[in-house]
Amino acid sequence: MSSFNEGHRPETQLTAAFDSFADALFRHCYFRLNDREAAKDLVQQTFMKTWDYLAQGKTIENFRAFLYATAHNLIINERKRRRALSLETVTENSDWEPVAPDSTTVRESQDAAQRLIEELKRLNEEAAQLVTLRYVDDLAVADIARLLGETENTIAVRLHRALKLLRTIAEPKQDHD
Amino acid sequence: MTDLNNDHWKELTRAAQAVRLSAAEKDALKQELSGYLAAHPPRLPTFTFWKHFAQYGTVAALVLTLSTAGAAETSLPGDLLYGIKVNLNEKVVSALAPAGKARANVEVALTTRRLEEAEEIITKNEVDSPEQERSVTELTERLSRHVQAVQTEIDKIKDEDLAGALKIGSDLEVTLSSHGEALALLDEGPDAEVTRRPTTATIRQTIERETATAELRQEDLKKDLLARADASAEELAAEQIEEISDHLTEVNKLINTASSTSDDSATIAQAREKVAAAQELLDEAISQAAAGQTPDALESTEASAKTAASVKSFLNLKLNSKPEPKPSATSTVATSTATSTAPVATSTPPLELVEIEAEEN
């Protein structure tokens with residue numbers, strides 16, 4: 001990620017980071033919150049906070065890690081804020097509009113993504129974050145470890161536990177499919 | 001045990017990848033973000049600037065002592081901080097403005113800013129110096145680049161939004177011609193010697209050339225719009241009338257403020273005359289629009305807008321030529337717009353944040 005900061009002005013860095021990571025961050029926030037508008041809002045806040053940091057003259061070594069860490073903190077705050085809302089209300093408010101090449105793929109994607117969202121709801125905060133990073137953001141275990149400041153081993157073990165739990169939820173569904 | 005590579009997870013990952021922001025959402029986020037960046041400029045020069053200024057030791061220390069980005073906002077060509085103003089602060093705004101209407105509006109605002117700087121150079125200095133000549137050359141080159149950038153963006157949007165393109169072209173033409181007209185007014189009266197200076201002549205020639213080009217291009221756009229069978233020309237005329245009407249109210253307030261702080265009654269009277277002329281043109285435009293004479297109404301609104309805008313430039317030139325204390329540096333990235341109306345009795349041209357309009361996809 002060094003290409004984002006070496007010899008570039010802060011606004012150029014932020015523009016490059018936005019172009020590279022806006023979709024991925026949006027995806028991450030969307031799957032964590034199941035709310036398209038809130039996800040957009042959090043993406044915006046993430047970049048604003050990143051700008052605040054850069055505007056102080058500070059440098060960011062790893063933009064992806066910084067953005068995900070910032071987004072994660074915002075997600076935690078957002079979830080605390082809306083803990084009073086029922087899951088049903090949140091689901092009703094979600095506005096699923098995937099971009100996919102044809103309608104069949106759209107339907108399949110919607111079904112699969114909705115299944116993942118349902119499964120994530122069963123997990124605690126830490127496990128949901130790990131599964132999202134691994135399967136929504138498609139990050140390697142080593143990348144997740146760097147991002148969260150843990151060893152690869154710790155991440156692998158936690159992910160393993162989360163998947164084990166998820167498997168018990170997912171398997172009956174797969175049997176029916 | 002769940003296999004990390006099994007079909008279930010592959011399918012979910014594939015499905016997740018289909019979740020993304022639409023182009024319109026991305027543009028909207030980017031636009032909001034650019035506004036935020038504009039309102040929260042970097043406190044200090046970083047990276048390239050830091051390295052550049054660091055070569056000069058004490059200069060770097062001095063620059064850092066100042067709130068650089070904010071202080072740079074009031075700088076003029078030739079000033080140490082001018083590079084930060086045009087290469088850092090303004091690029092914050094323009095770099096993130098989506099191509100098309102938003103970027104065109106930013107470039108129009110930057111054109112206005114260069115014109116106001118030109119006026120400030122003219123009124124601030126009594127004689128030309130080699131440094132000033134170099135600064136003016138740089139400024140006029142930048143001015144032409146901004147104008148060119150506006151035209152480029154207009155070309156991009158005119159097929160899809162001809163009325164929008166015409167509106168931007170009109171804003172550009174108004175800002176160019178009004179500043180040119182204000183400079184021409186100096187030919188008369190006690191400030192005539194200012195207009196004979198080579199730097200003033202260079203600025204005027206550039207403005208005249210760019211105005212002529214903008215007018216020609218505007219004519220073509222207008223022809224295309226009027227050839228259309230829809231009501232977009234009528235809507236544009238109505239929109240312009242409303243906008244100019246508001247602007248004239250603000251210009252009148254501006255004159256009232258100026259008259260209470262300045263004893264230059266001749267200048268105030270001249271400004272009032274111009275406003276009356278602009279009002280007359282606007283009344284004519286209203287009658288023409290009501291009678292369905294849309295081409296004439298568009299002509300009259302444009303003439304009225306130019307006259308009204310020239311009043312502000314004229315007051316700036318006349319009343320600011322006498323040295324007055326500089327206001328404190330603004331801490332935001334700000335750019336002047338063609339219709340901004342801050343009090344004129346200061347040595348700095350009025351500034352306000354650029355409002356970037358949403359791109360429609």
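**Two helix pairs in chain B**

In this predicted model, helix H11 (residues 198-226) of chain B packs against helix H14 (residues 294-319) of chain B at an angle of about 150°, with their axes 11 Å apart. Since angles over 145 degrees count as roughly antiparallel, H11(B) is therefore roughly antiparallel to H14(B). A second pair in chain B is formed by helix H12 (residues 232-261) and helix H13 (residues 265-290), which pack at an angle of about 165° with axes 11 Å apart.

**H11(B) and H14(B)**

- The crossing of H11(B) past H14(B) is right-handed.
- H11(B) makes the contact through B:Glu215, B:Gln218, B:Glu219, B:Lys222 and B:Leu226.
- On H14(B), the contact residues are B:Thr294, B:Pro295, B:Leu298, B:Glu299, B:Glu302 and B:Lys306.
- Sorted by class, this contact has six charged, three nonpolar and two polar residues.

**H12(B) and H13(B)**

- H12(B) and H13(B) are therefore roughly antiparallel to each other.
- H12(B) passes H13(B) in a crossing that is left-handed.
- From H12(B), the contact is made by B:Ile241, B:Ile244, B:Ser245, B:Leu248, B:Val251, B:Asn252, B:Ile255, B:Asn256, B:Ala258 and B:Ser259.
- H13(B) contributes B:Ile268, B:Ala271, B:Arg272, B:Val275, B:Ala278, B:Gln279, B:Leu282, B:Ala285, B:Ile286 and B:Ala289.
- The class count for the contact of H12(B) with H13(B) is 14 nonpolar, five polar and one charged residues.

Notes. Residues are numbered from 1 along each chain as its sequence is written. Chains are lettered from A and ligands numbered from 1 in the order in which they are written. This is a predicted model: local features need pLDDT of at least 70, side-chain atom pairs count only at pLDDT 80 or more; totals for chains, interfaces and linings use all residues. Side-chain values use heavy atoms; hydrogens and water are left out. Axes are lines fitted to C-alpha atoms, for helices over the stretch in contact, and angles run from 0 to 180 degrees between N-to-C directions. Helices (H or I, at least four residues) and strands (E, at least two) are DSSP runs, numbered from the N terminus. Angles under 35 degrees count as roughly parallel, over 145 as roughly antiparallel, 65 to 115 as roughly perpendicular and the rest as oblique. A crossing is left-handed if the near helix is turned anticlockwise from the far one by less than a right angle, and right-handed if clockwise. Contact means heavy atoms within 4.5 Å. Ala, Val, Leu, Ile, Met, Phe, Trp, Tyr, Cys and Pro count as nonpolar, Asp, Glu, Lys and Arg as charged, and the others, Gly among them, as polar.
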